[in-house]
Amino acid sequence: MAVMTLRFNPKTIGLATQVRIIIPTGVHPQDADFEKIYSGKKELPVLWLLHGGSDNYADWHDCTPVQVLADKYNYAVVMPDAQMSSYANMAHGPNWRDYFQTELPEYIYSHFPFSRKREDNFISGMSMGGAGALKLSLLDPDKYSTCVAISSGVEVVRNYAKGVGRATIHTSFHNIYGHEDDPTGVLGTEEDIYWLLEQNVKNGTKLPRFAFCVGLEDFTRAGNIEFRDFAESLGVHIDWYEEHGMHDWDSWNLYIPKVFEFISRYRKEDGID
Amino acid sequence: MALLEMDFRSGALGFHEEVIVSLPDRPATKPYPVLWLFHGANQDCTEWLRLTSIDRYANNRGLAVIMPAMSNGHGQNMVNGTNYWDMVNSELPAAMHYMLPCLSKDRNENYTGGASMGGYVAYKLALNNPDKYCAAGAFGGALDIISILSGTANDGNTGLSPTFAHAFGSADHIRETDGDIIWLASNLVREGKCPRLWSLVGNKDFGYQQVCGAIKKFKAAGCDMTDLYGEGGHSFDLWDKYVENFLDWLDIPKGVN
C-alpha cells in the first residue's frame with residue numbers, strides 16, 4: 001500500500017493543484033523478495049474519485065476508509081482537486097473540465113502504472129463530485145466503464161437555468177456557469193447532464209454502467225430520483241442504493257464501500273474479473 | 001516541477017517508508033533520468049528539498065530525484081535496528097520503478113548522491129550495484145567508514161558514537177563486506193566496472209581529514225574520482241553552492257524542457 005500527494009502545475013487550469021493517489025502494492029511486513037513482488041505486477045484498474053463542493057483532494061481519504069477498500073479490491077484510487085468548479089470550464093475561472101478530460105488523465109497514465117483500458121477505469125464522486133463524475137463519464141463514455149454517483153447535485157444546472165434553489169444564492173455558481181443575462185444559456189451545453197445523456201442516447205453511444213447512492217433524508221434525493229426517471233424514460237438503467245441519512249460524511253462512509261461493490265459486481269458480470 | 005510526497009508499507013523495514021520525489025515538468029514521453037539522493041544522519045527525506053534548490057536544478061535538466069527517508073540507519077541492515085540496506089538496495093528501487101514507470105532503468109541514467117551519512121549510502125548503493133548506477137556523489141561524505149569505525153579518521157571522534165555502533169557494530173564487522181566501500185571500489189576497478197565518483201568537502205568540515213584520507217584511497221585503487229574542496233564546514237551553507245556542479249558532473253543533458 002502506497003499513498004501519495006502529487007503537486008503539479010497543469011497548463012489547462014493555470015494553477016498549482018494537488019492529487020491524492022493510493023496504489024495498492026500487496027506488500028506486507030516480513031515480505032522479502034521485492035523484485036519478484038513488484039516485477040510481476042500488471043497495470044492497475046483505477047477509480048477516479050471526485051470531491052464535493054467546499055472540499056478538496058484529501059477529503060475522501062481523510063474522511064472515509066477508501067484506502068482500506070483500495071487495498072481489498074486492488075484498485076488504484078486517484079483523488080484530484082477541483083476547487084469550487086463543478087468540474088466545469090468556468091465562465092469566470094479556470095478550464096477544469098478540460099483538465100479532467102485531457103491533461104490530468106494523460107499525466108497520470110504516463111507517470112503511474114495504471115491501465116488506460118475502459119474496462120479498468122471507473123469514476124465516482126459525491127455531491128458536486130457526483131455530478132462531475134456523471135458529466136465526465138457522459139462526455140467520455142468510451143473511457144469509463146462505470147460511474148457511481150453519490151448524493152449528486154444533478155439538479156444544479158437546471159436550477160441555475162430556472163433561477164431557483166441553492167444554485168442562485170451562491171456567487172460561485174455564477175463564476176462557474178455564467179450566462180448572467182440569460183441563465184437558460186447553460187442548458188444544452190457540456191455542463192448540462194440531462195442534455196449530455198440525451199445526446200449519448202440519440203447517438204447510440206455505449207454508455208458506462210451507472211449506479212446512484214443517495215440518502216433518504218438527503219436534500220439531493222428528489223433531484224436524483226428525477227434524473228433516474230428521466231434516464232429510465234430514455235431506456236438507460238441506473239442501479240440504486242439508499243440508506244437513511246443526510247448529505248454528510250456519515251452517509252458517504254456508508255456509500256464508499258458500495259462504490260467498490262458495484263464496480264466489482266459489474267466487472268464480474270462483464271467477465272473482466 | 002511536480003512533487004510527490006509519498007509513503008509505502010515497507011516489508012524490509014516492517015513499517016512505512018516515506019519518500020519525496022521531484023519529477024521534471026517535461027512530458028514523460030522519454031523516461032526520466034533518476035538521481036537517488038540521500039539525507040544525512042538526524043535528518044529526514046525533506047532535507048535536500050528544504051536546504052537546496054535541487055528541485056529547480058533537476059527540473060532544468062529533465063531529471064527525477066528520489067529522496068527516501070533513511071533514519072539514522074547508515075544504509076545498513078543495522079546490527080541493532082532496522083534493515084535499511086534491504087530497503088535501499090532492493091525494495092526501494094523495485095517499488096519506485098513499479099509505481100513510477102516514467103523513471104529510466106538505464107544504468108547510464110541512474111545516479112546516486114547524498115550528504116554526510118547519505119554520501120556513504122550513495123557510494124555503497126552504486127558500488128554494490130555497478131550494473132544499475134553509473135555515478136555516485138558525496139557532500140561531506142562519511143566515506144572512510146573503516147577509519148571512522150576504528151576511531152582513526154581524525155574527525156574529532158576517538159570512539160564509536162552510538163548511532164554508528166547500532167548501524168555497523170564495529171570496523172571488523174564491516175571490513176571486506178558490502179559496507180566496505182573502498183574495498184568494493186578497488187574490486188570493481190579491477191573488473192573495469194567501477195561507477196564514477198564525485199566528492200565535495202569543506203575545509204572546516206570536522207570530517208575534512210577523513211574525506212581526504214578516503215579520496216587518497218579511492219584514487220590509489222584507480223577510481224575515476226573527482227574531488228572538490230570548498231570554503232566551509234559540514235553544512236549545506238557550503239554544499240548548496242555545489243549542487244549544480246555535481247549535476248553538471250553527472251553529465252545529464254541540459255535543456256530537455
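Before I show you where the two chains meet, let me say that two residues are in contact if their C-beta atoms, placed from the backbone, lie within 7 Å. With that in hand, and remembering that what we are looking at is a predicted model, we can say that the contact takes 24 residues from chain A and 22 residues from chain B.

Which elements of chain A supply at least two residues each to the side that touches chain B? They are strand E1, residues 2-8, together with helix H1, residues 34-39, and helix H4, residues 96-111. Strand E1 of chain A gives the largest share of that side, namely seven residues. If we sort the side of chain A that touches chain B by class, we find 14 nonpolar, six polar and four charged residues.

Please look now at strand E1 of chain A beside strand E1 of chain B, residues 2-9, where six bridges join the two strands and the strands run antiparallel.

Let me turn to the chains one at a time. Chain A has ten helices and eight strands. Its radius of gyration is 18 Å, close to the 19 Å that the globule rule gives for 273 residues, so chain A is as compact as a globular protein of that length. Along the principal axes, the C-alpha trace of chain A spans about 65 × 40 × 40 Å, and 48% of its 273 residues count as buried.

Chain B, for its part, has eleven helices and eight strands. Here the radius of gyration is 17 Å, close to the 18 Å given by the globule rule for 257 residues, and so chain B is as compact as a globular protein of that length. Its C-alpha atoms fill a box of roughly 50 × 40 × 35 Å along the principal axes, while 54% of its 257 residues count as buried.

What lies inside? In soluble globular proteins, nonpolar side chains tend to be buried together. In this model the largest nonpolar core has 164 residues, and those with the most contacts inside it are A:Ala76, A:Val77, B:Ile66 and B:Tyr123. Helix H3 of chain B, residues 84-99, gives the most to this core, with ten residues.

A second example is helix H11 of chain B, residues 243-250, in which B:Val243, B:Phe246 and B:Leu247 are buried. Why do these three residues lie on the same side of the helix? They cover an arc of only 95° around the axis, and that puts them on the same side of H11. Among the elements that cover the buried residues of H11 are helix H2 and strands E5, E6 and E7 of chain B. After the helix comes B:Asp251, whose phi is positive, near 70°.

My last stop is B:Glu109, in the loop between H3 and E5 of chain B. Is B:Glu109 buried or exposed? Since the cut-off for buried is 20 or more other C-beta atoms within 10 Å, B:Glu109 counts as buried because it has 20 C-beta neighbours inside that distance. Leaving out residues up to four places away in sequence, B:Glu109 touches B:Pro33, B:Val34 and B:Ser104.

Technical notes:
Residues numbered from 1 in each chain as written. Chains lettered and ligands numbered in written order. Predicted model: local features only at pLDDT ≥ 70, side-chain atom pairs only at ≥ 80, totals over all residues. Core = buried A, V, L, I, M, F, W, Y, C linked by C-beta atoms within 7 Å. Buried ≥ 20, exposed ≤ 12 C-beta atoms within 10 Å, placed from the backbone. Helix = DSSP H or I, 4+ residues; strand = E, 2+ residues; numbered from the N terminus. Arc of directions from axis to C-beta. Rg over C-alpha atoms; globule rule 2.2 N^0.38 Å. Nonpolar A, V, L, I, M, F, W, Y, C, P; charged D, E, K, R; others polar. Pairing = 2+ DSSP bridges.
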